[in-house]
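Me: I would like to go through some of the terms used for this model and the grounds for each.

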Amino acid sequence: MLITGGAGFLGSHLVDRLIDTHEVVVLDNLSTGSMDNLAVHVDNPRFTFIEGRISSEAVVKTAIEGVRTVYHFAAQPDVRLSTELPYWDFEINVVGTMKLLEVMRKSDVTRVIFASSGGTIYGETEVLPTPESVAFRPISNYGAAKGAIEMYLSSYSKLYDFNAISLRLANTIGSRLVHGVIYDFYRSLKQDSTVLEVLGDGEQEKSYLHVTDAVEAAILLTKDLQSGFHPVNVASGERLKVSRIAQLVITELGLFDTQIEYAGGKRGWAGDITRTDIDISLLRSLGWQPRVPLNKAIGRCVAWLVKKFGPVE
Ligand SMILES: NC(=O)c1ccc[n+]([C@@H]2O[C@H](COP(=O)([O-])OP(=O)(O)OC[C@H]3O[C@@H](n4cnc5c(N)ncnc54)[C@H](O)[C@@H]3O)[C@@H](O)[C@H]2O)c1
């Protein structure tokens with residue numbers, strides 16, 4: 001297996017899950033990922049780490065040697081950065097993926113599991129819960145890039161016989177997460193635990209899931225990887241409002257006197273979707289079910305942040 005982005009949050013949990021039964025090669029440029037996430041595997045003979053970019057043909061050629069299946073998790077993962085630097089985001093996410101797919105095609109490696117996004121590709125759809133059949137209407141450049149990549153996975157599956165699964169992931173949380181709302185709240189509280197400023201009005205409500213549930217969904221879908229292109233929503237079925245997440249993080253940190261202040265407005269930032277509710281009927285019909293309830297998932301995420309970066313006082 002090749003896991004691009006395997007030093008990141010989701011990718012490293014996938015390595016943990018696969019390494020006992022598979023040879024695993026990780027290709028990562030360590031831009032947002034860290035070798036700390038892979039420290040327990042570096043001496044494992046089944047594990048190989050290659051530092052480099054998915055857009056480098058020579059590096060990908062080396063990484064893909066002897067590999068049958070690629071988990072493509074490398075990406076610029078920040079929606080806000082994709083608004084500030086759209087072409088830069090396009091080059092990493094879309095051009096980088098095209099370069100990867102081209103090396104795969106030329107090397108006859110045609111099995112790919114792609115980390116797409118269940119929230120951002122659907123945008124502000126009125127179809128809630130949102131099944132896979134709903135058309136893409138992204139309101140962020142990050143979501144547009146995920147949609148573009150999915151379209152190429154569809155064409156590659158027809159033209160070059162690729163077997164492709166697109167995991168349309170909900171917001172994923174758990175240990176090693178160093179971006180997103182829980183991480184932002186923790187950093188802010190570490191600076192000043194008396195007040196937590198929340199972007200938007202706190203009413204934004206989204207689908208979430210725990211990282212180990214996301215990994216189990218990826219494994220289940222890989223076992224039955226068929227020819228063609230298959231987008232599958234991956235979420236827990238539970239949703240959380242931002243205001244509730246703020247309360248849970250404060251409680252998990254053992255704080256009592258923190259005041260929550262809302263910046264106001266419907267959205268946290270440009271490109272932020274105010275409501276996602278991802279329909280997981282397809283995934284459930286394949287026998288998958290979430291194991292970690294969201295309050296526990298947040299607890300694990302906060303516990304890891306405290307262990308890694310210190311307590312909040
Ligand atoms: N975390 C979520 O809530 C979530 C939700 C939906 C989709 N996703 C997608 O899942 C994937 C993993 O996300 P994550 O949250 O683990 O983020 P992450 O930032 O922890 O992981 C991304 C990894 O990709 C690496 N990387 C970035 N650009 C690269 C490049 N050009 N070449 C090689 N490596 C590169 C980074 O160093 C990092 O290790 C991404 O594709 C992301 O868009 C994440």
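Me: What is the bridge partner of Ala115 in β6, and what makes two strands a pair?

Reply: Leu167 is the bridge partner of Ala115 in β6. Strands pair if DSSP finds at least two bridges between them. β5 and β6 (residues 163-169) have seven bridges in the parallel sense, so by that definition they pair. Helices (H or I, at least four residues) and strands (E, at least two) are DSSP runs, numbered from the N terminus. The model is predicted: local features need pLDDT of at least 70, side-chain atom pairs count only at pLDDT 80 or more, and totals for chains, interfaces and linings use all residues. Residues are numbered from 1 along each chain as its sequence is written.

Me: Why is the β-α-β crossover from β5 to β6 called right-handed?

Reply: The chain crosses from β5 through helix α5 (residues 141-159) to β6, and the crossover is right-handed. The term means that, with the strands pointing away from the viewer, the path from the first strand over the helix to the second runs clockwise.

Me: Which residue stands opposite Ile113 of β5?

Reply: Tyr71 stands opposite Ile113. Strand β4 (residues 69-72) and β5 pair in the parallel sense over four bridges.

Me: Why is β5 called largely enclosed?

Reply: Six of its seven residues are buried, so β5 is largely enclosed by the rest of the structure. A residue is buried if 20 or more other C-beta atoms lie within 10 Å of its own, exposed if 12 or fewer, and partly exposed in between, with C-beta atoms placed from the backbone.

Me: What makes α1 largely enclosed, and what do its buried residues pack against?

Reply: Eight of the ten residues of α1 are buried, so α1 too is largely enclosed by the rest of the structure. Among them are Phe9, His13 and Leu18. The buried residues of α1 pack against β1 (2-4), β2, β4, β5, β7 and α7 (211-223); contact here means C-beta atoms, placed from the backbone, within 7 Å.

Me: Which residues are closest to the ligand, and which element gives the most to the shell?

Reply: Of the 29 residues that surround the ligand, the closest are Gly5, Gly8, Gly33, Ala75 and Ala115. A residue is near a molecule if its C-beta atom, placed from the backbone, lies within 6 Å of it. α1 gives the most to the shell, with three residues.

Me: Why are β7 and β11 placed at the edges of their sheet?

Reply: Three strands form an open sheet in the order β7-β9-β11, with mixed pairing. β7 and β11 (239-241) each have a single partner strand, so one side of each is left without a neighbour in the sheet.

How values were computed: Contact = placed C-beta atoms within 7 Å.
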